[in-house]
Amino acid sequence: MVLGIPLWEVLSPEERIALLGHELAHYANGDIRNGLVVGSAVRSLALCHHALQPIEHPSAIETVVNVVYVVPRLLIRGLLVLLLRLTSRAGTRAEYLADRLAARTASTQAAVGLMDRLLIAGPIAVLLRSEVNRATLGGPRAAREAASRADELWDRLAAYAASVPEHEYERQRRAGARRGHQVDATHPPTHLRRTCLLTGTPLVAALTPDPDRTVRMAEELAPSRTKVAQTLLRDGLGG
């Protein structure tokens, strides 16, 4: 299971529990896309497809390599798309079941809050790219100085997410419903997931954040948190 630090940093402790509950639910509810056979096939094909991506700004030899890779890349992409289409109905059901288990674990309110955070992922990504570009465009010295204050990057992202007013979330919900906002092609539309969570009696949390554990978790993640921010500020998003 892989969770991105940018998303983790803008969530509340309750929403983090909802996120973990959702992801772990895929292993508990029989989601075939996370199973040994289908899950391994999807991950392997995706990894191979990524490895065969064209080399940017190629040399003469790399141009030949790019041409040779075209056919296997298209074949692998075709197999991956076919496999995802064949399992799309089961994958959609698994996402709704995972959302429901996230609500049972962290409460309906926390699971819905997680959905709202996903709706502002676009603006958060723009802010992250702006911070990275500001550091990299300032030259090596500016990048090094920014890397020395790496943790400030996550603080600014968290502050931005906390400052988003309710009316902006409502606007994002309406826009998401019109555009059919999805986390990615394998997830149902976010507004439908949110509506499903709000249907019926609200669920209370089976697991609540413990302040001491929250502190210990932050301490455990601190080195990785700093390292990721330093890498982004020094090398850019493509580094």
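Visitor: How are helix 2 and helix 6 oriented to each other?

Guide: Start with the axes. An axis is a line fitted to C-alpha atoms, for helices over the stretch in contact, and angles run from 0 to 180 degrees between N-to-C directions. Under 35 degrees counts as roughly parallel, over 145 as roughly antiparallel, 65 to 115 as roughly perpendicular, and the rest as oblique. In this predicted model, the axes of helix 2 (residues 13-28) and helix 6 (residues 108-119) cross at roughly 90° and come within 8 Å. The two helices are therefore roughly perpendicular. Helices here are DSSP runs (H or I, at least four residues), numbered from the N terminus.

Visitor: Which residues of helix 2 and helix 6 meet?

Guide: Contact means heavy atoms within 4.5 Å. Glu-14, Glu-15, Ala-18 and Leu-19 of helix 2 meet Ala-110, Ala-111, Gly-113, Leu-114 and Arg-117 of helix 6. By class, this contact has five nonpolar, one polar and three charged residues. Nonpolar covers Ala, Val, Leu, Ile, Met, Phe, Trp, Tyr, Cys and Pro; charged covers Asp, Glu, Lys and Arg; the others, Gly among them, are polar.

Visitor: How much space lies in the largest pocket?

Guide: Rolling a probe the size of a water molecule over the atoms shows where empty space is left. On a 1 Å grid over the protein atoms alone, with a 1.4 Å probe, a pocket is an open set of points with protein on both sides within 12 Å along at least five of seven lines; lining residues have an atom within 4 Å of a point. Points are joined across faces, edges and corners, and the volume is the space filled by probe spheres set on them. Here the largest pocket holds about 1,000 Å³. Its lining has 28 residues, and Glu-23, Asn-34, Asp-184, Thr-186 and His-187 are the closest to its centre. Helix 2 gives the most to this lining, with five residues.

Visitor: Is Ser-107 buried or exposed?

Guide: Buried means under 20% relative accessible area, exposed over 50%, partly exposed in between (1.4 Å probe, protein chains only). Ser-107 has 12%, so Ser-107 is buried. Ser-107 sits in the loop between helix 5 and helix 6. Its phi is positive, about 100°, although Ser-107 is not a glycine. His-57 also has a positive phi, near 50°, but His-57 is exposed at 77%.

Visitor: What should I know about the numbering and the cut-offs?

Guide: Residues are numbered from 1 along each chain as its sequence is written. Local features need pLDDT of at least 70, side-chain atom pairs count only at pLDDT 80 or more, totals for chains, interfaces and linings use all residues, and side-chain values use heavy atoms, leaving out hydrogens and water.
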